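Hi,

Here's the structure I said I'd pass along.

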Amino acid sequence: MSSEPLTLISATPSPFARMNRIALTLKHIPFTLQNEVPWESATKTPSHNPLEKLPILLFPESDGRPPVYDSAHIQEYIVQKYADSPPKLLTGNIDLDLHARQIQVLAEGLMDAFVLGFWEARRGEGMRSGEWMARQDRKIDGAMGAFDGMVRERRGVGKKFLVGEELTIADIAAVCAVGQIDFSGVREGWREKYPGLCEWWEEIDGGEGFRDTRPVMFDLKEKIV
Ligand SMILES: N[C@@H](CCC(=O)N[C@@H](CS)C(=O)NCC(=O)O)C(=O)O
């Protein structure tokens, strides 16, 4: 195995890639960040992932190992491979970890709905489907409500994190999903609607690994290719 660093193909606003960036940073795993715009013709994304999506984790060329794609799949690799580098990011209890991964699934569903709604909104007048956008909105609102409920329940029993006693992939995923909603401005007033979720999110989002990975918009120069 090579001692060269891993490469993460990422996009500056991507909440999916942000989950992996946070895990790599917290575990002090050296990696090179390769920022791309996956929607444009110059992107290298399709040469590593037939689904043309990022994040993608690349091993050094000399390793000959194929790329790893899908944020949850990458997160699993990071957690398992670097289990000896704290923080662990899972509890080691099968039922609690099932719950942590479930929260990660929920967060990714919110992010997917956000991306689908974002592109639908950019379609020309008359091309846009109100029903499709409403469907995505429902998913976003459903997930936000669910996160709020979880945070209230956990705080009610004096717990800081969503699962177990320490930060896990569940907290990372939920913070990235809520961060995407906040950053994009698609839900004005969410902070007032969910004050507990907002307070919880702000606290974790202000920590190491989170502060320096907050989303930054890129310039979309091309019509989607
Ligand atoms: N399920 C994927 C979703 C990743 C995703 O949607 N990434 C966006 C960037 S934020 C992308 O690359 N989209 C390009 C496309 O859908 O063609 C994951 O969790 O990694």
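Below is what I found, spot by spot. Keep in mind that this is a predicted model.

**A pair of helices**

Let's start with H4 (residues 94–122) and H6 (residues 169–184). Two packed helices are described by the angle between their axes and the distance between the axes. Here the axes come within 7 Å of each other and cross at roughly 20°. Angles under 35 degrees count as roughly parallel, so that is the label for H4 and H6. As for handedness, H4 passes H6 in a left-handed crossing.

Which residues make the contact? On the H4 side you'll find Ala100, Arg101, Ile103, Gln104, Ala107, Leu110, Met111 and Phe114. H6 brings in Ile169, Ala170, Ala173, Ala174, Cys176, Ala177, Gln180, Ile181 and Ser184. Sort the residues of this H4–H6 contact by type and you get 13 nonpolar, 3 polar and 1 charged.

**Asp205**

Next, click on Asp205, which sits in helix H8 (residues 195–205). Is Asp205 buried or exposed? Its relative accessible area is 5%, and anything under 20% counts as buried, so Asp205 is buried.

The side chain of Asp205 has polar contacts with two arginine side chains: one with Arg18 at 2.7 Å, and one with Arg214 at 2.8 Å. Leaving aside residues up to four places away in sequence, Asp205 touches Arg18, Val175, Phe210, Arg211 and Arg214.

**Thr45**

Last stop is Thr45, in helix H2 (residues 45–48). The relative accessibility of Thr45 is 0%, so Thr45 counts as buried as well. What does Thr45 touch, if you skip residues up to four places away in sequence? The list is Ile9, Glu36, Pro38, Glu52, Lys53, Leu54 and Ile56.

Thr45 and Ser10 are 35 residues apart in sequence, and the distance between them is 9.4 Å, C-alpha to C-alpha.

If you want to trace one thing yourself, show the side chains of Asp205 and Arg18 and find their 2.7 Å polar contact.

Cheers

Key
Residues numbered from 1 in each chain as written. Predicted model: local features only at pLDDT ≥ 70, side-chain atom pairs only at ≥ 80, totals over all residues. Heavy atoms only, no water. Helix = DSSP H or I, 4+ residues; strand = E, 2+ residues; numbered from the N terminus. Buried < 20%, exposed > 50% of the residue type's maximum accessible area, 1.4 Å probe, protein only. Polar contact = N/O pair within 3.5 Å; in protein donor to acceptor, adjacent residues only side chain to side chain. Contact = heavy atoms within 4.5 Å. Axes fitted to C-alpha atoms, helices over the stretch in contact; angles between N-to-C directions. Parallel < 35°, antiparallel > 145°, perpendicular 65-115°, else oblique. Left-handed = near helix turned anticlockwise from the far one by under 90°. Nonpolar A, V, L, I, M, F, W, Y, C, P; charged D, E, K, R; others polar.
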